[in-house]
Amino acid sequence: MITVTAEQMRNIDKYAIEKIGIPSIVLMENAKNAMINYIPLDGYEKYIIVAGVGNNGGDALAMARDLILEEKETYIYIAGNLEKASKDFKINYNILKNIGGNIIVLENKDDLLKLKENLGEDSIVIDGIFGTGLNSGIRGIIFEIIDLLNSSNAFIFSIDIPSGLDADTGAIHGTSVNADLVVTLGLMKKGLLNYEGEVMVEKIGIPKQAVEAVLG
Ligand SMILES: NC(=O)C1=CN([C@@H]2O[C@H](COP(=O)(O)OP(=O)(O)OC[C@H]3O[C@@H](n4cnc5c(N)ncnc54)[C@H](O)[C@@H]3O)[C@@H](O)[C@H]2O)[C@H](O)CC1
Ligand SMILES: [K+]
């Protein structure tokens with residue numbers, strides 16, 4: 001099995017987008033289509049999306065769209081500054097706003113209570129806070145958000161990487177999500193090889209030419 005670092009995955013992505021011409025939003029939609037199959041549409045009362053403002057969050061918002069279309073009780077929480085949002089995050093954010101998505105930006109303790117009240121064993125959490133773009137130790141309100149998730153009885157599904165985990169080494173940067181299931185995108189990440197939760201790899205339509213161009 002091929003395993004990659006975050007930088008290698010980013011470069012493979014980049015090659016697929018810039019050299020082969022696959023729009024990044026297509027990769028994001030492919031990622032969503034692969035991951036949504038792991039989310040049971042029955043058996044949970046509440047579907048809790050916790051999204052950062054990068055493309056990991058964009059993946060999560062795309063999943064939220066499908067859950068809303070399936071008329072699931074869906075709560076979307078944003079963990080980050082919307083002004084710093086990525087291009088593809090914004091595309092999915094705008095779609096959700098246009099279909100009446102229930103979106104709360106987590107900025108203070110009162111907002112955290114709105115998250116906490118929806119976390120229980122009848123909830124499934126989709127963790128889209130950070131993926132391969134984590135660039136420093138987690139602190140502040142995001143630290144508290146991850147603590148809330150980990151101390152709940154909710155089932156936790158992490159997109160690509162459990163948020164807070166180093167994609168290259170598996171080290172924890174301050175804190176990290178205790179995921180029950182991780183679906184990592186494109187190729188297995190080196191930092192997940194010893195992860196104690198379940199890890200699945202899903203293709204998202206990246207041609208082998210992009211992998212060979214970066215890995216040789
Ligand atoms: N693998 C693929 O082919 C695809 C992967 N996709 C998804 O994209 C993410 C990577 O997205 P990126 O925008 O590069 O980074 P993240 O979303 O992981 O996070 C960046 C975001 O978070 C902020 N940030 C980073 N560290 C911290 C910190 N310690 N505290 C606070 N904020 C932090 C940063 O400023 C950015 O705003 C990958 O994991 C996949 O899920 C594509 O969607 C499809 C193709
Ligand atoms: K994640």
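Is I159 buried or exposed? Buried, with a relative accessible area of 0%; here buried means under 20%, exposed over 50% and partly exposed in between, using a 1.4 Å probe and protein chains only.

Some ground rules: this is a predicted model, where local features need pLDDT of at least 70, side-chain atom pairs count only at pLDDT 80 or more, and totals for chains, interfaces and linings use all residues. Residues are numbered from 1 along each chain as its sequence is written, chains are lettered from A and ligands numbered from 1 in the order written, and side-chain values use heavy atoms, without hydrogens and water.

1. Start with the potassium ion (ligand 2). Its protein donors are N56 (OD1), D127 (O), F130 (O), I159 (O), I161 (O) and S163 (OG), at 2.6 to 3.1 Å. Donors are N, O and S atoms within 2.8 Å of the metal (3.2 Å for Na, K and Ca); water is not among the atoms, so sites may look incomplete.

2. F130 is partly exposed, at 21% relative accessibility.

3. Most residues other than glycine have a negative phi. E71, not a glycine, has a positive phi of about 60 degrees, and D160 is near 70 degrees. E71 is exposed at 74%, whereas D160 is buried at 7%.
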